[in-house]
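Work through the exercises below with the structure open beside you. Try each task before you read its solution.

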2 protein chains.
Amino acid sequence: MAVKLGILGLGTVGTGTVQLLQDNVGRHPLLQDIEIYRVGVRSLTKPRAVELSPEVITTDLEAIVNDPAVDIVVELMGGLEPARTLILTAIKNGKHVVTANKAVISRFGGEIFTAANQAGVYVLLEAAVGGGIPVIQPLKQSLSVNRISAIMGIVNGTTNYILTRMQTEGSEFDHVLADAQKLGYAEADPTADVDGLDAGDKIAILASLGFDGRINREDVHCEGIRQVTKTDIAYAAKLGFVIKLLGIAQHLDEDNSQLSVRVHPTLVPHSHPLASINGVYNAILIEGEPIGQVMLFGPGAGAGATASAVSSDILNLVATLKTNTAKPNPLLACRHQNYSEITPISELVTRFYARFLSKDQAGVIGRLGTCFGNYGVSLESVVQTGFQGELAEIVVVTHNVREGDFRQALAEIQAMESIDSIPSVLRVL
Amino acid sequence: MAVKLGILGLGTVGTGTVQLLQDNVGRHPLLQDIEIYRVGVRSLTKPRAVELSPEVITTDLEAIVNDPAVDIVVELMGGLEPARTLILTAIKNGKHVVTANKAVISRFGGEIFTAANQAGVYVLLEAAVGGGIPVIQPLKQSLSVNRISAIMGIVNGTTNYILTRMQTEGSEFDHVLADAQKLGYAEADPTADVDGLDAGDKIAILASLGFDGRINREDVHCEGIRQVTKTDIAYAAKLGFVIKLLGIAQHLDEDNSQLSVRVHPTLVPHSHPLASINGVYNAILIEGEPIGQVMLFGPGAGAGATASAVSSDILNLVATLKTNTAKPNPLLACRHQNYSEITPISELVTRFYARFLSKDQAGVIGRLGTCFGNYGVSLESVVQTGFQGELAEIVVVTHNVREGDFRQALAEIQAMESIDSIPSVLRVL
């Protein structure tokens, strides 16, 4: 008997998923055992790129998650509510769930997975991170035999597109953002992307899988790319770096007691595998013992890529339903209930890039060095090349330093009479 | 009750796997339900890097695959026999099998998977291709909702190491090979690696999974890197390419009736994702509809990376054994019985790079062009820069051409009086 899907949402991803499932020749044969039984939409009259018979389409989303005939609920509406409530109702009704909703999972994952474990159903979310890139399943299964030490990735296509264009064209952020909005690569309200919030949702999810504990979304430090300027991109290039918005989750110490989860623009060495990931592509680098470094690369968004990920979760569930399992498969279920303790950003140990504008060239480098030295900040390089009007521009890259110490030094430097301003502070990988 | 492993072979990979499984804290908790019950070795007296109690180690490998207590046989001995027979016996006895043996699977996969399907057991082989990179499971599961159009990869670390060093140092093949042998990056008998046979095994396996049909190993056209010279690497660089040994499996036509599976040194454009994969790293690029391009990158060999892949298969089987499945999981079982028809290399349509040494400069380019034109070969670029003694060196890159036509033209050119020799013919991606 066919497995019956109740799909919530028929936007870009929903339409792509329906297209993939309807046009199933040449794909995995199990997809032929699927029936698109109900599709919940907001408007019945909106023209659609897919053909669905009238009894399949409904505006009553509650009815779908409460329909005893539905085996799998596929939540593709996005947003927090009513998505969260519909997912929880579906679980309570014993239905498996597939979702692409990183915002809901990163905020309400604890509630959702607790409910799923109690109900003996699975909630799969391959499409929530990295578009079509298989990353959630590898982290839950293949790579989970490793002790993961770091997950870092370019997980937001919009910001990577903007940074790539700023880099190649030497343009400023505002200009590229406006153009990206015109071309459809950025939303009219770009906040979630450019302020790093979307990337924050995604790295929270990856961290929970890789480090085997729930993550409080509020513990994830998020900085976006609004403050990245073409001047900094040019200096970074001179120093051998490219600037990327990275989501990073990593153990800070040898005994794995400190976990840092954060999003910020980062100076990435040219030779690093993430440095050459350009445009709307995503890539996730996973470091573990004994595997070393593995990188998964692909399209981070788009109807087709996301539909591929959604359908792969559906495929997994269909296979499970076909095997009549007596007990839940521990590789599909969520395996942790505890919350991870996240180290505050002030305890992060990292290298920094900082750019200063100074009124007084003679002696200022010495004063910077002395002040940094007082806080235990040692400098890897100091560059003074440019001028902005009458102000001398000084760029420093530090060695590894505790962020709290560095910030204290910066506050003192900010107050120096010879310092006009500190336009940029960025972390270095 | 613990799942009992019978491990065949305690070389590099076997030792790495035992180390991972013994040191299981901080890895997936299911690994704690595993007992290393028997390990088959050739010599009981050889010193080992792992501690195993004397009753675990045995030289009687037959006894392991016939022992009713063994749940999973992990074949890590390599070579064709007795590996093949031991795997088949284990299957006949109802045991699941994990293997890292690309040579056995690419040659006897048909026999092995037919037996496994009949016995209702699984044969998993994540470690057979790409070392630690999760690629077999994604191809069988996540990515299988796509229509795969091409799989291409750098799947042999030794040759990629050699080509990378030839590229960066401007050295010749023989010199780098000798050094690689000294450093342990190449075997004393390097044939399987440098002649493309190992890569041939691996692309045959990837092709069978991606294109859903068995592959006759003899149908895979294999060329190695012995004929790649520093001269060609330098010309390729000038033309915007880097030379990589690629395993390629792709549909040649729109209606997917022609499948080409082959290994050869290939000129890869600098901008291509595979161009920047250097040293012993592996990477596999998968193209499908609707996902687009996905690339999986990581360490292609080494005890730790391979142990990670072997252990991930063991983990999958332990999870399956724990769920008491009534029917086999179609995502773990082999799903095809038929053999794919492979298009002969002469029918391949590709671009070519060829280097000619000519005695007579005046007019020779014209004669080359005329001859190529007679066979429908059109030229994308013609470069005449170098001299080798009295001979002029001419390099051409063709547009897409049927390989058979190109070879006929080459044979005619070879016979021209003004042509001294054709030292290099390479395909271009």
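**Exercise 1.** How many salt bridges are there between chain A and chain B?

*Solution.* Begin with what you are looking at: this is a predicted model, in which local features need pLDDT of at least 70 and side-chain atom pairs count only at pLDDT 80 or more, while totals for chains, interfaces and linings use all residues. Residues are numbered from 1 along each chain as its sequence is written, chains are lettered from A and ligands numbered from 1 in the order in which they are written, and side-chain values use heavy atoms, with hydrogens and water left out.

Next, apply the criterion, a side-chain nitrogen of Lys or Arg within 4 Å of a carboxyl oxygen of Asp or Glu. The count between the two chains is four salt bridges, and one of them joins the side chains of B:Arg147 and A:Asp23 at 2.6 Å, N to O.

**Exercise 2.** Describe the contact between the two chains, from its extent to its parts.

*Solution.* First take contact (heavy atoms within 4.5 Å): chain A gives 53 residues and chain B gives 53 residues.

Then take the buried area, which is the accessible area (1.4 Å probe) that two parts lose on being put together, summed over both. Between chain A and chain B this area is about 4400 Å², and carbon and sulfur atoms give 58% of it.

Finally, look for paired strands, where pairing requires that DSSP finds at least two bridges between them, and where strands are DSSP runs (E, at least two residues) numbered from the N terminus. Strand 12 of chain A runs antiparallel to strand 12 (residues 292-299) of chain B, and three bridges join them; within this pair, A:Leu296 has B:Leu296 as its bridge partner.

Note on methods:
Helices (H or I, at least four residues) and strands (E, at least two) are DSSP runs, numbered from the N terminus.
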